[in-house]
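This text goes with the sequence and the structure shown below. Please keep both in view while reading.

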Amino acid sequence: MNFITVFRKEMLEQGRTYRFLIVAAILVIFGLSSPALAKFTPEMLKAIPGVPANVQSLFPTPTVVDAVGQYVKNMVQFGVLLALLMTMGVVVQEKERGTAAFFLTRPVSRETFILAKYAAMAVAFMASLAIAALGCWYYTYVLFEPIAWGPYLTLNGLMLIDFLVYMALSLLCSTIARSNGIAVGLAFVALIIVGGIGALPSISDYFPGHLISWGTSLVLGGDITAWPALWISLGVIVVALAAACLIFRRQEV
Amino acid sequence: MSTVHVEKMTKYYGAVHALDGLDLDVAAGTVYGFLGPNGAGKTTTLRILTGLARPTSGSAIVAGVDVLHAGSALSPKIGHLPEEPAFYPWMTPLEFLDYLGRLYGLSTTQRKSRTKELLNLVRMEDVSRRRIGGFSRGMRQRLGVAAALIHHPEVLFLDEPASALDPAGRKEVLDLIENLRGQATVVMSTHILADVERVCDVVGIIAKGKMLVQSRREELLERYAVPAFEVEADDRAALAKWGEDLKRLPWVTAVTSQNGTLRIIVKDVKTAKAALLAGAVGAGLVLNRYEEIRPSLEDVFLQLVGTESIS
């Protein structure tokens with residue numbers, strides 16, 4: 001019911017409240033700077049006065065592998081953090097402020113309320129990541145060599161799915177919580193479970209983090225695949241959103 | 001015919017009984033004053049009737065829609081103004097009303113004309129392009145009224161629409177409600193008796209989650225108001241003596257004296273009217289004031305709910 005209208009409002013809100021600008025600025029800065037950091041970090045280290053010549057020779061000559069590695073590391077770190085921070089308050093703040101109650105007596109279903117927010121956040125992240133990826137590709141091309149488009153797009157697509165998992169979980173936390181503080185706490189518990197426990201070698205193949213290894217491997221010519229992690233990630237997104245809709249439907253706002 | 005019909009509604013929050021078997025009937029086209037002290041269950045009732053909360057038991061029909069199984073059928077029929085209407089602070093009134101118009105499926109032309117009409121009604125044309133974030137409580141309340149009316153609802157629920165406003169803001173909002181008479185059925189919750197006396201045709205008094213009485217305002221006053229007269233004189237000793245004499249008369253219920261004023265509650269108004277002035281003259285009193293007290297809603301409210309909750 002009225003999904004497009006509410007989605008448009010959410011997109012407008014992303015712009016007016018500078019949420020989109022914040023996400024785009026941070027991701028684009030790290031996207032652009034990653035190849036440059038990979039290229040110039042060894043040279044800057046060599047330029048430090050007093051570094052012996054034999055130590056200087058230990059710094060490897062940077063390659064496209066370093067540029068991609070730096071990009072992935074920065075993007076995942078800041079992307080996940082942004083996904084949590086930008087989403088954790090979106091529902092609970094509306095409940096606290098009273099806007100949720102005000103709008104839920106209008107022709108806006110509770111499912112539309114939740115899903116339009118998620119869709120708008122997803123579009124903001126997708127657009128920001130696209131600009132960041134484009135910038136990184138260009139600087140990698142200028143400073144090193146071009147990256148093959150197919151694997152590079154897949155890497156970014158998998159990275160976006162990783163972000164979307166955290167966004168869906170954070171949105172669920174925001175829906176469950178009665179106050180912003182509780183939403184923050186729950187979101188960080190989700191981060192610890194998915195990011196921390198998911199890093200354990202015995203189970204990491206089934207967690208969203210493994211998607212990044214798969215994407216990086218595709219770009220750099222490795223042979224890692226992560227189909228189970230992909231299906232589980234998509235499943236987590238669907239289940240988290242369905243749970244958020246169901247819980248919100250039963251909640252009194 | 002009832003536009004709002006509530007039967008045996010309960011709402012429990014653990015051990016707290018916010019509503020305890022509430023019955024409510026609002027006829028089409030009336031301005032209904034839902035009166036009660038703070039915590040009586042007014043807001044809970046309105047939240048249930050607008051679909052924001054669910055009752056523990058009971059039933060509710062609003063504009064022919066069963067509220068408990070309404071789905072999307074209820075929202076086009078109702079308008080709702082919460083006690084503290086909340087808006088997106090980054091929006092302007094123009095954008096906000098246009099957004100609501102879209103939600104209700106109004107065409108571009110309809111949205112433009114309705115937005116203009118409502119901004120004019122709530123006298124906000126001059127601030128229509130300013131961010132809502134900087135608005136005063138009164139401005140937000142007026143915008144809330146406009147928002148509640150955007151789609152010409154059949155039933156309008158207003159929760160304490162004027163309680164937090166200054167006298168000027170209160171007058172504006174009450175004028176707006178008065179102008180809605182005949183256009184929609186209005187259910188207005190409040191604990192301010194003067195507001196109800198001013199705009200409501202029918203009054204329902206609720207306390208502790210139960211409807212104590214509901215009736216047309218005049219009928220309520222006739223039924224519950226105490227017939228009384230007040231007499232004021234400078235000679236307090238003579239006044240007090242005459243008061244004692246009055247207590248012995250069969251048509252007098254009670255006599256109280258305070259600051260040179262005698263309040264005489266009577267059983268028979270007609271006899272009292274004929275006898276009181278003559279009696280006062282006979283007692284040698286020089287009167288400063290003689291008045292038949294017009295019964296007020298406050299008297300009714302005090303009788304039904306008690307003195308501690310009067311506003």
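A residue counts as buried if 20 or more other C-beta atoms lie within 10 Å of its own, with C-beta atoms placed from the backbone. By this rule, 45% of the 253 residues of chain A are buried. The model is a predicted one.

Taken along the principal axes, a box of roughly 70 × 40 × 35 Å holds the C-alpha atoms of chain A. Among the contacts in chain A with a separation of 6 or more, 80% are between residues 24 or more positions apart.

One pair of helices in this chain can be followed in detail. Two packed helices are described by the angle between their axes and the distance between the axes. For helix 8 (residues 149-176) and helix 9 (residues 180-196) of chain A, the axes come within 8 Å and cross at roughly 145 degrees. The crossing of helix 8 of chain A with helix 9 of chain A is right-handed. On the side of helix 8 of chain A, the residues that meet helix 9 are Val165(A), Tyr166(A), Leu169(A), Ser170(A), Cys173(A), Ser174(A) and Ile176(A). Their counterparts in helix 9 of chain A are Ala183(A), Leu186(A), Ala187(A), Ala190(A) and Val194(A). Sorted by class, this contact has 10 nonpolar residues, 2 polar residues and no charged ones.

Chain B contains a sheet. Four of its strands form an open sheet in the order 2-1-4-5, with antiparallel pairing. Which strands stand at the edges? They are strand 2 (16-27) and strand 5 (65-66) of chain B; each has a single partner strand, so one side of each is left without a neighbour in the sheet.

The pairs within the sheet can be taken in turn. Strand 1 (residues 2-13) of chain B is joined to strand 2 of chain B by 9 bridges, and the two run antiparallel. Ser2(B) has Ala27(B), in strand 2 of chain B, opposite it. These two strands of chain B form a hairpin with 2 residues between them, and Gly14(B) in the turn has a positive phi of about 65 degrees. Strand 4 (residues 57-62) of chain B is joined to strand 5 of chain B by 2 bridges, again in an antiparallel pairing. Here Ile61(B) stands opposite Asp66(B) in strand 5 of chain B.

Next comes the contact between the chains. Chain B gives 22 residues to the contact and chain A gives 20. On the side of chain B that touches chain A, strand 6 (78-81) and helix 2 (93-103) of chain B are the elements that give two or more residues. Helix 2 of chain B gives the most, with 4 residues. By class, this side of chain B has 14 nonpolar, 5 polar and 3 charged residues.

The last topic is the nonpolar cores. The largest nonpolar core has 144 residues, and those with the most contacts inside it are Ala168(A), Ala146(B) and Val186(B). Leaving aside neighbours within four places in sequence, Ala146(B) is in contact with Leu97(B), Leu118(B), Leu119(B), Leu121(B) and Val122(B). A second, separate core has 16 residues, including Ala233(B), Ala272(B), Leu276(B) and Leu285(B).

Conventions. Residues numbered from 1 in each chain as written. Chains lettered and ligands numbered in written order. Predicted model: local features only at pLDDT ≥ 70, side-chain atom pairs only at ≥ 80, totals over all residues. Axes fitted to C-alpha atoms, helices over the stretch in contact; angles between N-to-C directions. Left-handed = near helix turned anticlockwise from the far one by under 90°. Contact = placed C-beta atoms within 7 Å. Nonpolar A, V, L, I, M, F, W, Y, C, P; charged D, E, K, R; others polar. Buried ≥ 20, exposed ≤ 12 C-beta atoms within 10 Å, placed from the backbone. Pairing = 2+ DSSP bridges. Core = buried A, V, L, I, M, F, W, Y, C linked by C-beta atoms within 7 Å.
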